[in-house]
Amino acid sequence: MANRPGGAMASRPLHFIWMVDCSGSMAADGKVQSLNSAIREALPHMADVARENPNAELLLRAVAFSNGARWHVANPMPVSEFRWDDVEAAGMTDMGKAFRTVADQLRVPPMSERALPPVLALLSDGQPSDDWQTGLAELMAQPWGKKAVRIAIAIGADADHDVLSRFIGNPELRPLQANNPEALVRHIRWVSTVVLQSASAPGTQQADGSPITSNVVIPPSDPAGSGPTSATDVW
Amino acid sequence: MPNQDAFVITPASGEAEEALVALADGHGSAKSFRSEVGSRLAVEAAHTVLGPLLEPRCDRPDPSALRDMAEERFPREIVREWRRLVDEDLAARPFDEGEWERLSGREGASARQAVEQNPYHAYGATLLAALLLRDLHLYLQIGDGDIVAVGADGAAWRPVPGDVRLLANATTSLARNDAWRDFRRAHALPPSLPDLLLLATDGYANSFAEDAGFLQVASDIHGMASGGEWDEVAAGLGGWLTDASSQGSGDDVTAAVVTRPVERRLRRSRRAPWLHLRCKCPVRRV
């Protein structure tokens with residue numbers, strides 16, 4: 001057979017970004033420790049999904065926000081090389097700065113137009129302390145911000161569901177409520193497997209003209225984890 | 001999942017002075033559960049509307065009039081014909097409970113409601129069409145995919161304008177209301193007719209790390225054809241597409257290559273016959 005024409009081939013990049021709340025309130029009742037261990041435990045499951053979807057190149061990053069926002073893991077890393085170092089809790093809840101930090105990285109470039117829709121997983125236990133509306137508007141001003149699969153996990157009873165719902169921007173998806181460590185593990189596992197699988201192989205969707213809805217269909221989450229409070233709730 | 005692409009080349013012999021090439025890509029979403037039929041009907045519709053212009057006894061409008069018709073009339077007629085064919089198929093084979101159950105299972109009850117409100121969703125497809133006449137090329141496109149032209153110097157470009165709505169896995173579609181408005185078009189006139197055309201569903205371009213690497217495909221094939229390696233192109237194309245799907249996007253990939261034979265190009269004949277090649281990737285999307 002003749003030499004293959006064209007340039008180098010590559011699977012399509014799939015960016016997955018953890019956006020974690022590291023405000024002082026996350027120090028209460030072991031929330032931040034639970035978050036650290038839940039993400040760490042989810043990584044092997046993410047690796048399994050990546051192996052099952054070789055046409056998606058899974059790349060992980062993480063943003064931590066408290067007093068400001070910073071990249072906890074700045075460079076997009078293959079899941080096989082990704083290591084989760086514990087985040088610590090202290091300070092305010094500058095969620096708006098986290099939105100802006102992510103928005104800056106969703107521009108084209110550095111993002112490629114051939115990428116798969118990125119996944120943004122937001123975890124928070126409280127109310128934003130900064131101008132989150134402007135930050136969210138900046139995120140949604142980016143084409144990849146609009147097209148991203150945006151998932152939110154509310155940790156504890158004080159999380160601001162209204163803000164998290166605005167971030168999700170999809171009336172069919174609600175924030176996942178975690179009132180205890182087990183629920184947090186379950187939700188993070190769901191994001192790391194079910195959501196990631198859907199984002200890895202999205203079928204072509206007819207553009208519906210909606211300015212904010214993602215094109216990736218997410219199966220329903222486990223309702224057991226988002227139900228009313230129970231005796232095991234500690235947050 | 002079946003391959004959801006379809007194509008038609010007229011004349012089927014693959015060699016002629018004038019030709020029509022059409023490729024369609026059925027949407028892969030759960031809502032478009034009959035899109036492999038929708039794509040077949042899309043190329044059939046393009047053939048029904050544009051094919052008669054190839055007839056020897058056709059009283060064909062002049063190039064200027066054809067360009068005007070490409071603005072609105074052809075897109076409207078293609079969409080109308082596609083919808084008629086879908087209606088026919090749906091009348092013969094109404095949606096069954098199995099299809100509804102699979103859809104609801106994958107996307108919930110709201111997905112079923114969406115398809116009930118617009119049954120064309122189930123057949124959703126894109127379309128690329130190139131009508132290649134002696135004195136005019138017309139290129140029509142709705143949705144994603146690529147039409148790439150190559151000039152005598154080997155430079156490759158996309159003659160059809162882009163569409164910002166096509167980011168990620170979203171595409172415009174024959175299934176949308178007023179779909180004819182979403183057609184993009186371009187034309188070429190002698191002496192600026194390209195030496196070679198590559199038409200491909202979006203899985204091909206998405207398989208390359210850089211867009212330049214995809215455009216290079218057309219330039220490289222042009223180089224091979226110009227160097228007398230047309231048979232190698234014909235033999236290799238199927239394998240190249242399979243490689244693209246497996247090593248790149250994982251999507252269905254269908255491509256058609258149309259070129260003028262070298263000796264005719266050198267003579268700069270305005271009646272240069274076109275040599276056609278088409279190949280459909282056997283890869284099934286998983």
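## Contact between chains A and B

Chain A gives 27 residues and chain B gives 44 residues to the contact between them, where two residues are in contact if their C-beta atoms, placed from the backbone, lie within 7 Å. On the side of chain A that touches chain B, the elements giving two or more residues are helix H4 (143-147) and strand S7 (205-206) of chain A; helices (H or I, at least four residues) and strands (E, at least two) are DSSP runs, numbered from the N terminus. That side of chain A has twelve nonpolar, nine polar and six charged residues, with Ala, Val, Leu, Ile, Met, Phe, Trp, Tyr, Cys and Pro counted as nonpolar, Asp, Glu, Lys and Arg as charged, and the others, Gly among them, as polar.

S7(A) runs parallel to strand S8 (residues 170-171) of chain B and is joined to S8(B) by two bridges, two strands being paired if DSSP finds at least two bridges between them. Gln206(A) stands opposite Thr171(B) in S8(B).

## Basis of the model

This is a predicted model, in which local features need pLDDT of at least 70 and side-chain atom pairs count only at pLDDT 80 or more, while totals for chains, interfaces and linings use all residues. Residues are numbered from 1 along each chain as its sequence is written, and chains are lettered from A and ligands numbered from 1 in the order in which they are written.

## The sheet of chain A

Six strands of chain A form an open sheet in the order S3-S2-S1-S4-S5-S6, with mixed pairing. Strand S3 (68-78) and strand S6 (176-178) of chain A stand at the edges with a single partner strand each, so one side of each is left without a neighbour in the sheet. From one strand to the next, the twist averages 15°.

Within this sheet, strand S1 (residues 12-21) and strand S4 (residues 119-124) of chain A pair in the parallel sense over five bridges, and the bridge partner of Trp18(A) in S4(A) is Ala121(A).

## Helices of both chains

Helix H6 (residues 181-200) of chain A bends by about 30° at Trp190(A), the bend being the angle between axes fitted to the seven residues ending there and the seven starting there.

In chain B, helix H7 (residues 211-226) and helix H8 (residues 230-249) pack at an angle of about 135°, with their axes 7 Å apart; axes are lines fitted to C-alpha atoms, for helices over the stretch in contact, and angles run from 0 to 180 degrees between N-to-C directions. The contact is made by Ile221(B), Met224(B) and Ala225(B) of H7(B) and by Trp230(B), Glu232(B) and Val233(B) of H8(B).

Technical notes. Expected span 1.5 Å × (residues − 1).
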